[in-house]
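Please read the following report alongside the sequence and the three-dimensional view, which are shown just below.

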Amino acid sequence: MIEVHGLTKRYGSRLAVQDVSFRVERGEVVGFLGPNGAGKTTTLRMVTGFLRPTAGEVRIDGFDTAASPMQARRRVGYMPEGVPAYPEMRVTEYLRYRARLKGAPRRQLEDAVERVLDQAHVDDAADRIIGQLSKGYRQRVGLADALLTDPPILVLDEPSSGLDPNQNRDMRELVRGFAGDKTVFLSTHILPEVEATCDRIVIIQGGRKVGEGTPASLRSGGGRRIVRLVGPGQVRAFRVALQGASGVRGVISGEQGDDAASVRVEVDAGDAALDAIFDAVVAAGLRLRELVVEQTSLEEVFAHLTTTEASDAEGPGEAPEERPA
Amino acid sequence: MKALTIAARELRAYFVSPLAYVVLTVWLLWTGATFYYFCTWFASNPSGSETYTPLTMFFSGNMLLFLPMLVFVPVLTMRLLAEEAHSGTLEQLLTVPVSDTAIVLGKYLAAMVMWCTLWVPTLVYVLITTSYGTIDPGTIVSSYVGLLGIGLYYMAIGLLMSALASTQVVAAVLTFLFLGMLFLLGIGQFIFPGPPAEVLAYLSVWGHMTDFAKGIVDTRYLVYDASLTALALFFAVQAIDVRRDG
């Protein structure tokens, strides 16, 4: 289990991560979503103990990363972004070295390496030199490294970057396979990946958490729905009619057909808003032919959360790619 | 235990790189030429003394040994931590259950093995000298003890600079400047008269090796070596900790 509370990271005057809190329960696969530079990598680095938070705390299975770093680190398999590895080493040699550092018992060393080579599908590159591997292979070597000593918690930074579609599918299946058994926290900006692999999503923008929930709840919720209505008349008439109707947040777009207008409206969640639309349209002397609640895609939710709300909020502004100096 | 794992990887990386062979080749050519020079000098100016031989000259009062050391030490130590930071592998090293102290000790152990590889080949010169004359075996032992003492803090300072710097080049330059400064302070023993000279002689590799090569094991030098080493390693651990602030 990962518990993050009030996590904040300040670089000089810039706040890279600001008061972020969330939990990842045992057996859960949680996606950490956000545009580039939102503070994803910085957050993961604090969760894994590479960076010290400016404020806030991280608990790994109850162990505070500041007070009990060794116990916390022993429970986490971490795959950093870009998977830096010693280029002169061979894959098995590297994994053996890593297993020793992680404290794998000498007698189980070979078994552990064999197992992760198989799990991460890198057995065919076992004897190759890391510096000569393609990005996809390096990525999987990084995953193999994270799986050594079979840790209960996996933290993966952009696990699918650099993978081809087949490798990507393998990676998803592998991660999905951990659900129920391991606690997985992975960062990404690829939305289909999140939909396919994650039980829950935490969305971050400009260093702040802007959303959290299951893919379904995020799609339907955020307290916001898009409704499309079609009726005979002018778009302008519908705009006027809907103005001020309770629960209606605004008209997003209107399209004028030959004899009918099609209007997309943003409304509050809940059926009251739909009733209000109907009443408002009738009260204006207009008629309806269609009233459809649109299925919001996660992409729209993401775009909504990471653009509008962030500009409302007093964010730290354009954050350059987070790297410690 | 984990320090040993780190040291082993470091040494392996050093010996699979061309750097090790370039360093060792240049070093051997240099020391060989130096030794040859002293041998020919003694051949034309025989001393007949057991404590004043080509070997004592080689190990003590000569710039030919100390000046190259100021270059070789930075070259050997620059990669230790700066390269891990630069390539990003430090992130993986700092997220496994290994203490910062173990990391520093592992790197330091590797550095000391590198230092020793510089001096093991000079045993050939000992062999050559002893087969052509009598030499006090005590001076040989104390010479190597002296070299080990200097190596202890030279390599520790190199490691500290590599922990502080973000690239190898910066680490090498910092080490060179720091050791160069210590070296110049040591030279001060010949410049300033009175009490300052005594203090400066104590800091000097020159005074250090002149004594040890003659068979005089002055524990004050060893205390100095050990304290400077401990201090440098302590700060190296702190330097890693500071990196966690980003």
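## Domains and overall layout

The C-alpha centres of domain 1 and domain 2 of chain A lie 44 Å apart. The domain assignment of this chain gives residues 2–219 to domain 1 of chain A and residues 222–295 to domain 2 of chain A, where domain bounds come from an automatic or database domain assignment. This is a predicted model, in which local features need pLDDT of at least 70 and side-chain atom pairs count only at pLDDT 80 or more, while totals for chains, interfaces and linings use all residues. Residues are numbered from 1 along each chain as its sequence is written, chains are lettered from A and ligands numbered from 1 in the order in which they are written, and side-chain values use heavy atoms, with hydrogens and water left out.

Taken along the principal axes, the C-alpha atoms of chain A fill a box of roughly 80 × 40 × 30 Å. Chain A has 11 helices and 14 strands; helices (H or I, at least four residues) and strands (E, at least two) are DSSP runs, numbered from the N terminus. Of the 325 residues of chain A, 51% count as buried, a term that means under 20% relative accessible area, with exposed meaning over 50% and partly exposed in between (1.4 Å probe, protein chains only).

## Selected positions in chain A

Ile204(A) belongs to strand β9 (residues 200–205) of chain A and is buried, with a relative accessible area of 1%. Thr43(A), in helix α1 (residues 40–47) of chain A, counts as buried at 0% relative accessibility. Between the C-alpha atoms of Thr43(A) and Lys209(A), which are 166 residues apart along the chain, the separation is 11 Å.

## Aromatic rings

Over all chains, the structure holds 22 aromatic pairs. Rings of Phe, Tyr and Trp (its six-membered ring) pair if their centres lie within 6.5 Å, and planes under 30 degrees apart count as stacked, over 60 as edge-to-face and the rest as tilted. Two of the pairs are set out here.

| Pair | Centre distance | Plane angle | Class |
|---|---|---|---|
| Tyr86(A) and Tyr94(A) | 6.2 Å | 65° | edge-to-face |
| Phe66(B) and Phe183(B) | 6.5 Å | 55° | tilted |

In chain B, one aromatic cluster is formed by Trp27(B), Phe72(B), Trp115(B), Trp119(B), Tyr153(B), Tyr154(B) and Tyr224(B).

Charged side chains also sit over rings, which requires NZ of Lys or CZ of Arg within 6 Å of the ring centre and within 35 degrees of the ring normal. Arg128(A) lies over the face of Tyr137(A), at 5.8 Å from the ring centre, and Arg9(B) lies over the face of Tyr97(A), at 6.0 Å from the ring centre.

## Surface patch and a helix of chain B

Trp30(B), Tyr37(B), Trp41(B), Tyr52(B) and Leu64(B) together form a nonpolar patch on the surface, with about 490 Å² of accessible area. Patches are made of residues with over 30% relative accessible area and no salt bridge, like charges being joined within 9 Å and nonpolar side chains (Val, Leu, Ile, Met, Phe, Trp, Tyr) within 5 Å; a salt bridge is a side-chain nitrogen of Lys or Arg within 4 Å of a carboxyl oxygen of Asp or Glu. Helix α2 (residues 18–44) of chain B gives the largest share of the nonpolar patch, three residues. Tyr37(B) is found in helix α2 of chain B and is partly exposed, with a relative accessible area of 45%.

In helix α5 (residues 79–87) of chain B, the buried residues are Arg79(B), Leu80(B), Leu81(B), Ala82(B) and Glu84(B). Helix α5 of chain B is followed by Gly88(B), whose phi is positive, near 95°.

Definitions and conventions: Accessible areas come from the Shrake-Rupley method with a 1.4 Å probe; for residues, only the protein chains shown count as cover.
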